[in-house]
Amino acid sequence: MPDHQDAAPVPLDVIAIGRAGVDLYGQQIGSRLEDIASFAKSVGGCPANIAIGTARLGLRSALLSRVGDEQMGRFIREQILREGVSVAGLKTDPERLTALAILSVENDKKFPLLFYRENCADMALCEDDVEEDFIASARAVVVTGTHFSRVGTEAAQRKAMRLMRATGGKVVLDIDYRPNLWGLAGHAAGESRYIASDSVSARMKSVLAACDLIVGTEEEVLIASGESELLPALRMIRSLSAATVVLKRGPMGCIVYDGPIPDDLEDGIIGKGFPIEVYNVLGAGDAFMSGLLRGWLGGEDWQTCATWANACGAFAVSRLLCSPEIPTFEELQYFLAHGSQERALRKDQALSHIHWATTRRRDIPSLMALAIDHRVQLEDLAARLGADPARIGHFKRLAVKAAAEVAGGREGFGMLLDERHGCEAMFDFARHGFSWLGRPVELPGSRPLRFEFSQDIGAQLVGWPVDHCIKCLCFYHPDDPPKLKAEQQQSLLRLFEAARSVGRELLVEIIAGKHGKLEDDTVPRALQELHDIGIKPDWWKLEPQASSAAWQGIGAVIAENDPWCRGVVLLGLDAPMDELEAAFIASAQVPVVKGFAVGRTVFMSAAEKWFAGEISDASAVADMATRFGRLARAWLALRGRKAA
């Protein structure tokens with residue numbers, strides 16, 4: 001199968017070489033692996049984690065490895081692309097399966113771990129996979145210990161090291177020692193970190209001279225040196241290599257030795273440490289390396305490099321997974337500037353929000369959505385015209401065809417579809433390559449807000465695809481009676497917390513004008529009240545405003561409370577086409593307004609004729625496409641983008 005590679009080598013900061021697998025981590029904390037009932041899936045493997053981590057921190061990274069020609073391999077390829085990692089060196093192996101790692105968090109010291117790596121794809125990496133132009137495109141390569149455990153993968157890494165040194169670049173060694181991956185322990189001993197082995201030590205010692213930076217834990221330093229005590233081990237490494245050595249010490253941070261090894265090991269360069277709760281140690285070293293490389297390749301001094309590395313490790317050890325938990329550079333800088341009151345960083349709401357907002361699955365700078373999540377309106381229409389309500393689902397499928405015709409495969413188009421009548425339409429939607437899908441959870445017309453299928457909203461959301469956005473309409477006015485306001489706020493807060501818990505984006509639609517006067521400060525006040533109780537949705541969906549002052553107020557509230565918000569989309573409220581185009585013009589100079597999600601203006605005329613039997617499916621599609629296309633062209637023209 002041909003690889004989907006970059007067209008030509010692009011300038012890179014770092015290439016990580018070696019393991020690339022899928023992590024399946026048990027979600028029931030405190031359970032034996034035998035008792036785990038569900039797992040969270042993520043990209044794993046030391047080099048893959050480092051490639052993702054360095055990309056998140058702002059370096060141009062690539063992964064040199066192999067994955068299987070199957071679903072797990074495609075998951076790795078797609079996910080690292082989403083993270084900004086180059087796949088120019090990621091090969092697809094047609095014969096072998098992608099590696100898996102399965103783990104549980106039994107307690108703060110025991111993490112049962114199974115590696116499924118027998119004849120896996122990444123262990124088939126060979127010299128032919130290491131291309132000279134690709135290596136030359138980078139400033140540094142990271143080689144990893146496990147891939148020195150087999151002849152073929154060792155040869156591949158040594159070739160990459162030779163090529164990198166020939167270009168004047170840097171070679172980094174992550175000792176990454178796992179005894180059972182060297183055949184020194186049984187399958188059930190995946191969490192074992194140290195077994196002495198003369199043969200492993202001899203292999204690792206032969207690598208050291210060609211390295212510029214060597215990173216390892218105390219146990220890894222022992223295995224790389226063949227010594228049994230730390231000071232002699234470090235001095236053995238120094239006798240073999242002029243590389244800077246970074247000793248990882250877990251919660252005590254790290255020490256950097258860039259010259260002779262001192263008698264007192266504390267006399268090295270020490271970065272600031274961060275005492276935090278240990279939740280899962282797996283992946284902490286990869287996050288550490290990511291932070292270290294971000295500093296080192298960015299020209300920072302060693303103390304800064306060590307501090308960044310320690311901070312990144314603290315994030316990972318305080319969260320469940322590996323690569324998904326590595327901070328972005330924005331998140332890291334916020335933490336270094338503000339710290340945290342929480343020893344369990346995953347419980348810090350400010351940090352969690354920055355992490356969420358800066359690691360979203362895709363960028364959507366503009367959104368044009370056809371909203372047909374309407375339920376009651378179409379049920380009432382079918383009843384009034386004597387039509388079979390079962391036909392509503394088919395009409396929604398026609399709307400998908402219309403939206404797809406307008407989108408034409410372009411970015412920035414989406415839809416709102418519901419579960420009650422739109423399940424088959426959602427299946428159709430998935431085949432068209434749209435950018436976004438929103439799904440409603442509110443009980444139509446409810447005030448106070450109620451959820452449609454179950455008030456246990458979190459349990460309902462678990463079964464949704466990860467890229468479906470939750471949409472919730474709330475008829476909320478800042479002058480509502482206190483009891484009503486408090487009840488609605490608690491429902492929205494419960495939904496927001498559930499959305500974050502299950503990892504789904506959230507759009508909150510606020511309609512204030514239906515139950516009170518719509519003044520310039522009405523919607524800004526409503527948004528401020530919701531921000532004050534901790535609700536920070538990814539999107540807001542708002543009714544058109546009567547003045548630029550109202551829009552400026554809305555923009556100011558969002559900028560002050562949540563600068564990471566994706567933005568506002570305009571709703572239509574069955575307004576005539578001319579009024580909507582005027583609303584587009586009124587908001588054109590408001591940066592926070594990113595698009596529209598309009599329904600009845602687009603579909604209602606066609607729906608009335610179609611349910612009455614006056615027009616065909618094709619005519620309904622054409623009518624909706626004409627209307628939706630007109631709005632899209634108007635929006636794109638105002639935003640200075642191609643309107644074709």
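Colleague: Cys-120 first: buried or exposed?

Modeller: At 3% relative accessibility, Cys-120 counts as buried. Buried here means under 20% relative accessible area, exposed is over 50%, and partly exposed sits in between (1.4 Å probe, protein chains only). Before we go on: this is a predicted model, where local features need pLDDT of at least 70 and side-chain atom pairs count only at pLDDT 80 or more, while totals for chains, interfaces and linings use all residues. Residues are numbered from 1 along each chain as its sequence is written, and side-chain values use heavy atoms, with hydrogens and water left out.

Colleague: Okay, and where is Cys-120 found?

Modeller: Cys-120 is in the loop between S7 and H3. Those labels are DSSP runs numbered from the N terminus: helices are H or I with at least four residues, strands are E with at least two.

Colleague: What does Cys-120 touch?

Modeller: Leaving aside residues up to four places away in sequence, Cys-120 touches Arg-96, Leu-97 and Ala-99. A contact is heavy atoms within 4.5 Å. Also, Cys-120 and Val-67 are 53 residues apart along the chain, with 8.2 Å between their C-alpha atoms.

Colleague: And Asn-119: what about its phi?

Modeller: Asn-119 has a positive phi of about 50°, although it is not a glycine. It lies in the loop between strand S7 (113-116) and helix H3 (132-136). Asn-119 counts as exposed, at 57% relative accessibility.

Colleague: What is the phi of Asp-176?

Modeller: Asp-176 also isn't a glycine, and its phi is positive, about 45°. You'll find Asp-176 in the loop between strand S9 (170-174) and helix H5 (198-208). With a relative accessible area of 7%, Asp-176 is buried.

Colleague: Which residues does Thr-146 touch?

Modeller: Asp-176 is one of them, along with Arg-19, Met-123, Leu-181 and Trp-182, not counting residues up to four places away in sequence. Thr-146 is in the loop between strand S8 (138-144) and helix H4 (151-166), and it is buried at a relative accessible area of 1%.

Colleague: Changing topic: what pLDDT does the protein chain average?

Modeller: The average is 94, and 98% of the residues score at least 70. pLDDT is the predictor's confidence in each residue, from 0 to 100. Over residues 1-7, though, the pLDDT is below 50, and that stretch has 14 contacts in the model beyond near neighbours in sequence. Where pLDDT is low, the predicted coordinates should not be read in detail.

Colleague: Now helix H19. Which of its residues are buried?

Modeller: H19 covers residues 577-586, and its buried residues are Met-577, Leu-580, Glu-581, Ala-583 and Phe-584. They span an arc of only 155° around the axis, so they are on the same side of H19. The arc is taken from the directions from the helix axis to the C-beta atoms.

Colleague: Why would residues a few places apart point the same way?

Modeller: An α-helix has 3.6 residues a turn, so residues three or four places apart end up pointing the same way. On the other side of H19, Asp-578 and Ile-585 are exposed.

Colleague: Last one: where is Pro-324?

Modeller: Pro-324 is in the loop between helix H9 (302-317) and helix H10 (329-338). Its relative accessible area is 23%, so it is partly exposed.
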